[in-house]
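The following explanation leads through one protein structure, from a single pair of residues to the whole chain. Please keep the sequence and the model in view while reading.

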Amino acid sequence: MAGCVKFRVTLHAQGTHAGYPYKGTGPIEALASIILSLQTIVSRELSPYEPAVVTVGKLHAGSARNVIAGEAHMEGTVRTYSTATHELMPALIERIAVHIAQAHGAEAELSDYTIANYKVENEPVAKRSGPRALAATAAPCRERTSPNT
């Protein structure tokens with residue numbers, strides 16, 4: 001089973017009233033661009049032989065419909081099988097978030113990157129003995145015939 005890490009990216013920008021958007025640097029557009037770009041980690045940064053999944057499942061920004069928020073954050077998970085990929089992911093997420101935020105006139109930080117669960121690797125002995133034990137205890141398969149035939 002893949003290991004899972006939970007992450008949070010926080011954006012800091014200049015909030016403003018929606019009637020004066022040119023006076024601020026809202027984080028929502030930057031957040032949207034970051035989310036789309038995070039999906040390129042798996043397709044462009046990793047080998048196709050290194051399975052990984054980056055999911056953004058939670059977003060939060062603002063508290064009123066006519067105010068451009070000064071702060072926003074997103075939360076998600078990263079699932080990997082290899083230790084090398086696991087160790088590479090925080091730097092990739094942070095690089096994407098920081099540079100896209102800068103392009104939008106905001107700042108971003110990877111404010112949380114915590115292991116939710118470690119990957120599961122079966123012991124080599126269990127890998128070999130498990131199928132044999134199952135075969136020894138399982139009832140033999142019998143062919144079923146349909147009552148309509």
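V9 has M74 of strand β5 as its bridge partner. The model is a predicted one, in which local features need pLDDT of at least 70 and side-chain atom pairs count only at pLDDT 80 or more, while totals for chains, interfaces and linings use all residues. Residues are numbered from 1 along each chain as its sequence is written, and side-chain values use heavy atoms, with hydrogens and water left out.

Strand β1 covers residues 3-12, and β5 covers residues 71-80. These two strands run antiparallel and are joined by 10 bridges; strands count as paired if DSSP finds at least two bridges between them. β1 also pairs with strand β6 (residues 107-117), again in the antiparallel sense, over nine bridges. Here R8 has D112 as its bridge partner in β6. Seven of the 10 residues of β1 are buried, where buried means under 20% relative accessible area with a 1.4 Å probe, counting protein chains only.

The protein as a whole has four helices and six strands, which are DSSP runs (H or I, at least four residues, for helices; E, at least two, for strands) numbered from the N terminus. Their order from the N terminus is β-β-α-α-β-β-β-α-β-α. The radius of gyration, taken over C-alpha atoms, is 23 Å, well over the 15 Å that the globule rule (2.2 Å times the number of residues to the power 0.38) gives for 149 residues, so the protein is more spread out than a compact globule. The C-alpha trace spans about 75 × 45 × 25 Å along its principal axes.

Note on methods
Buried means under 20% relative accessible area, exposed over 50%, partly exposed in between (1.4 Å probe, protein chains only).
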